[in-house]
Amino acid sequence: MIRLKNVSKKYSPSTMALQNVSLHIRPGEFVSIVGQSGTGKTTLAKLLFAEELPSRGEVIIGDWDISKIQAEDVPLLRRQIGVVFQDFKLLTKKTVSENIAFALEVSGVGSRRIQEIVPQVLKIVNLHDCGNRYPRQLSGGEQQRVAIARALAHKPKIIVADEPTGNLDTINAHEIINLLKKINEFGTTVVLVTHNREVVNHLRRRVVTLHDGQIISDEEEGRYRL
Amino acid sequence: MSTLLRVIKFAFQHFFRNIWLSLVTVSMLTLTLLALNILLSLNLATDAAIKNIESRVDISVTFKTEAVESDAKNTAIYLQSFSEVRDVQIITPDEALEAFKIKHANNPIVLASIEEVGENPFGYELIIQANSTDNYPMILEALDNPSFRDQIEDKDFASHEAVLNKISSVANQVRFFGLILVILFLTIAVLIVFNTVRVAIFVHREEISIMRLVGATGWFIRTPFLIEALIFSFLAVLISGAFMIFAATVLDPVFASYFDSGSKLKDFFIGQGYWVYGSEFVGAALVCLFSTAVAMRKYLRV
């Protein structure tokens with residue numbers, strides 16, 4: 001499903017974000033990418049949805065070779081990958097439902113189909129009664145759940161969550177992780193980028209640890225060891 | 001179809017979310033088009049003035065009193081054989097005397113002096129009009145033909161050349177400064193459209209980044225900005241066109257009273273409106289699209 005072969009990413013001659021990273025993530029896996037700040041976790045996540053291209057090596061997502069992807073194919077790839085960020089990236093002037101519908105509208109999904117999908121994904125994240133609220137009227141945890149609902153709108157095969165609990169308290173962080181676990185149980189591959197020790201240890205899933213742009217450990221039922 | 005409608009919806013959202021900037025952009029484009037339309041009006045007015053004066057240019061050939069009707073007729077037939085000659089009118093001595101009396105009806109001294117002379121002092125006269133003012137030197141030359149040169153007493157060429165030159169010179173100067181004004185307004189309009197798009201991209205940066213993340217195509221992100229450019233152009237043409245139709249309706253009778261040939265303002269700005277405003281829309285749209293494309297290339301990362 002996801003395969004990185006000897007991937008390096010260089011931002012400038014002196015800034016090497018990733019060095020010879022090789023990684024294979026099977027369909028349906030829940031993988032945590034951990035490491036301290038500046039170790040290349042976010043760069044690795046960005047490679048997965050073609051926000052960055054590798055300087056060297058291959059990034060294969062399903063049938064897509066990200067290292068050779070054409071610009072016009074990037075939107076098609078992104079419709080198969082749901083992305084969740086620390087800062088939620090919600091449009092404050094749109095309601096919860098409109099935020100989710102927006103993701104579908106810009107991808108050309110028909111209005112009738114949008115009306116069907118939006119309540120479905122809101123139900124999955126347990127916000128079915130918040131559709132008409134604006135993001136500012138929700139708690140941080142609820143806003144992140146809206147962001148997850150939006151990521152789910154395209155029924156993606158992969159969810160990439162970059163520090164989704166970074167702005168949340170412990171209770172909300174656990175709620176979000178439980179939600180991601182639930183999504184993973186439905187068969188969606190989840191790649192969680194985090195430096196939250198508690199979250200990683202609680203998960204008891206595969207943990208890939210990065211240090212200075214290199215993978216220093218990859219454990220099937222790992223813990224946060226840095 | 002729904003995608004196109006959404007793109008149009010986003011274009012209008014861009015327009016209304018930066019309403020003041022959008023209004024400034026439309027105003028500047030409107031000013032540019034108004035300057036262009038005023039320049040076109042001045043062109044029409046000077047053309048009408050020149051045609052008006054040109055229609056009054058003629059050569060008046062006076063025959064000696066001893067010349068007979070056949071001399072005048074033969075000369076007229078000879079002149080009419082030239083394609084450059086539009087009209088030759090023969091005025092008999094009696095008609096010339098009658099016209100003179102009418103002209104000086106209020107001047108008893110002049111009338112008395114005519115009576116004193118006793119006989120008709122006027123000979124045959126030809127009034128010659130050419131197709132173009134450029135043809136008059138050739139006609140004057142043709143009148144030097146030995147067959148009737150000796151019968152001619154005088155040739156009067158009222159060329160109005162000085163007036164024509166003055167009008168042409170003033171018209172050229174007005175056109176020149178008008179053109180500079182249009183170019184100046186156009187440059188400002190291009191810069192304002194550029195800035196408007198730049199600000200719109202900045203204002204919508206969050207929305208654009210989300211669009212990219214959720215799989216919107218480059219076309220879907222860029223097209224609203226291009227449609228917004230078309231909205232600017234359309235509104236500018238609509239406002240300047242409405243102003244010109246109003247101005248043409250009000251000024252047409254005023255212009256018509258000045259020129260014998262009548263005014264063409266109404267005919268141009270209303271009769272040929274589709275062509276005039278259609279061309280202006282295409283021109284304004286191309287300018288706006290160019291400016292938008294440059295701004296997107298520089299600031300919009302898709």
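Predicted model: local features only at pLDDT ≥ 70, side-chain atom pairs only at ≥ 80, totals over all residues.
Let's start with chain B. Its domain assignment gives two parts: domain 1 covers 2–53 + 163–299, while domain 2 covers 58–156. As you trace the chain, you will see that domain 2 falls between the two segments of domain 1 in the numbering. Taken over C-alpha atoms, the centres of these two domains of chain B are 55 Å apart.

Next, look at the aromatic rings. A pair of aromatic rings is described by the distance of the centres and the angle of the planes. Over all chains, a search of the whole structure finds twelve aromatic pairs. One of them joins B:F268 and B:F269, with 5.0 Å from centre to centre and 90° between the planes, an edge-to-face arrangement. B:F268 is buried, at a relative accessible area of 13%, and B:F269 is buried too, at 0%. Elsewhere, B:F12, B:F15, B:F16 and B:F232 come together in one aromatic cluster.

The charged end of B:K9 sits over the ring of B:F10, 5.5 Å from the ring's centre. B:R205 lies over the face of B:F202, with 4.2 Å to the ring centre.

Finally, turn to the largest pocket, whose volume is about 370 Å³. Its lining has 18 residues, and those nearest the centre are A:A71, A:V74, A:P75, A:R78 and B:V302. Helix α2 (74–78) of chain A and α10 (218–258) of chain B each supply at least two lining residues; α2(A) gives the most, with three. By type, the lining divides into eight nonpolar, three polar and seven charged residues.

How values were computed: Residues numbered from 1 in each chain as written. Chains lettered and ligands numbered in written order. Heavy atoms only, no water. Domains from an automatic or database assignment. Phe/Tyr/Trp six-rings, centres within 6.5 Å; stacked < 30°, edge-to-face > 60°. Buried < 20%, exposed > 50% of the residue type's maximum accessible area, 1.4 Å probe, protein only. Lys NZ or Arg CZ within 6 Å of the ring centre and 35° of its normal. 1 Å grid on protein atoms, 1.4 Å probe; cavity = no way out; pocket = protein on both sides within 12 Å on 5 of 7 lines; lining within 4 Å. Points joined across faces, edges and corners; volume = space filled by probe spheres on them. Helix = DSSP H or I, 4+ residues; strand = E, 2+ residues; numbered from the N terminus. Nonpolar A, V, L, I, M, F, W, Y, C, P; charged D, E, K, R; others polar.
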